[in-house]
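Student: Hi! I've just opened this one and I'm new to it. Can you walk me through what I'm looking at?

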Amino acid sequence: MSSRILAVVGARPNFVKMAPITEALAAHDGVSVRLLNTGQHYDRALAGSFLERLGMGDPDRDLGVGSGSHAEQTAAVMEGVEADLGEHHADLVLVAGDVNSTMAAALAAAKLNVAVGHVESGLRSGDWSMPEEVNRVVTDRVSDLLLCTSADAVENLAAEGITEVVELVGNTMIDSLFRILEATDRAAVLSAQDVEAGRFVLVTLHRPALVDDPARLGEVLAVLGELAARLPVLFPAHPRTVARLAEAGIEAPEGVRLAEPLEYADFIALEAEARLVITDSGGLQEETSALGVPCLTYRDNTERPVTVELGTNTLVGVDPAALCEAALAALATEPPESPPAIPLWDGGAGARAAAAALSFLRR
Ligand code: UD1
């Protein structure tokens, strides 16, 4: 009997989490995988280049949902996924992460009584003001197969009464990271960006809570300017951040190199060679931990505590002065000699996730 799986992706972080699983599934006989891209992200550097680089090929369906309010995006994805499931039978719908596309696809499938598998299940920031937290909780509640990256996620689910079917498989995003990094000429990327290994700071900031507040954004840019007096600061900015900076008339201080978002391989090459990373992204907290690169997270909370406990991540809060102090302290401290070992963040999570999905389907 063949198993049909619909894998749904839509935004930058989804592609890297899903690719190792669809690849591992495709290697099994009797399994067919259909790839649906919601199109939540449509800029090439945020979407198309990821699909190519990760070898995911052209999606079987592209919903072209694009930007919109949360309700608009959610509704458009739900309609598209519902239509696709009406035309193409699926035994399991796989969704990844915590973006609007994730929750919308999970809800649409659950309402059609199609089983849902959530990749990166169980993470909790406890911060209900984050759209991602709403997405995580709703997605987990309607999922039938909950694939976790770390033990704390399994505990979070248990605390909400969710114990079936929960599988700790590890972090599939780290599979993609290791695989693509190995095939990337890091020296060429450093030279193209005109920086030296271990001699620059890499910054990404895109969350609405920060970038939609012009006063705070300006103060953070000033902090980056202070750091730039010591080391070059590379800031490949999300389109939202670029738009907010322009609206507020904030210019990058000297030494802060504001740039377009980079393609995946180039970005992780820089991440691996940075002296320090400053971010509000969830994914970067994990990638820097796997790479052994010090990371300062400019947020009050993290849904990824394992990166603080075992990894290289420090939560600094959202006070620009505290960020400045923490960054100067980090630059004065030797980085770890080798990356910390986080259980199951070993490059084999995609294969374990695929095996878990197939054993779920055989139940
Ligand atoms: C989304 C996720 C966030 C994730 C981030 C990764 C949600 C709620 N948020 O945030 O968790 O960390 O992706 O990158 O799903 N835009 C473009 N080009 C694009 C996509 C977006 O210019 O390809 C601009 C548009 O102006 C849009 C804005 O960015 O309005 C926000 O995009 P949206 O998809 O709503 O969420 P992200 O901020 O990208």
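Tutor: Happy to! Let's begin with the helices around the ligand: α1 (12-26), α3 (70-87) and α11 (239-247) each supply at least two residues of the shell around it. Keep in mind that this is a predicted model.

Student: Which domains does the shell around the ligand draw on?

Tutor: Domain 1 (3-170 + 348-362) and domain 2 (183-331) each give at least three residues to the shell.

Student: And how many residues surround the ligand?

Tutor: There are 18 of them, and the closest are H41, Y42, D43, E132 and H238. Sorted by class, the shell has five nonpolar, eight polar and five charged residues.

Student: Nice. What lies 2.6 Å from an oxygen atom of the ligand?

Tutor: A polar side-chain atom of H41 lies at that distance from a ligand oxygen. E132 also has a polar side-chain atom 2.6 Å from an oxygen atom of the ligand. For Q73, an N or O atom in the side chain is 3.2 Å from a ligand oxygen.

Student: How much of the ligand's exposed area does the protein bury?

Tutor: Taken alone, the ligand exposes 740 Å², and the protein buries 84% of that.

Student: Which pocket does the ligand sit in?

Tutor: The ligand sits in the largest pocket.

Student: Okay, new topic: the backbone. Is the peptide bond from E164 to V165 cis or trans?

Tutor: That bond is cis, with omega near -20°. Most peptide bonds are trans.

Student: Where does V165 lie?

Tutor: V165 is in the loop between α6 (151-159) and β7 (166-168).

Student: What about E120, is its phi positive or negative?

Tutor: Positive: phi of E120 is near 75°, and this residue is not a glycine. Most residues other than glycine have a negative phi.

Student: Which elements are on either side of the loop with E120?

Tutor: That loop runs between β5 (115-119) and α5 (131-142).

Methods. Residues numbered from 1 in each chain as written. Predicted model: local features only at pLDDT ≥ 70, side-chain atom pairs only at ≥ 80, totals over all residues. Heavy atoms only, no water. Near = heavy atom within 4 Å. Polar contact = N/O pair within 3.5 Å; in protein donor to acceptor, adjacent residues only side chain to side chain. Areas by Shrake-Rupley, 256 points an atom, 1.4 Å probe, with all protein chains shown as cover. 1 Å grid on protein atoms, 1.4 Å probe; cavity = no way out; pocket = protein on both sides within 12 Å on 5 of 7 lines; lining within 4 Å. Sits in = over half its atoms within 2 Å of the grid points. Helix = DSSP H or I, 4+ residues; strand = E, 2+ residues; numbered from the N terminus. Nonpolar A, V, L, I, M, F, W, Y, C, P; charged D, E, K, R; others polar. Domains from an automatic or database assignment.
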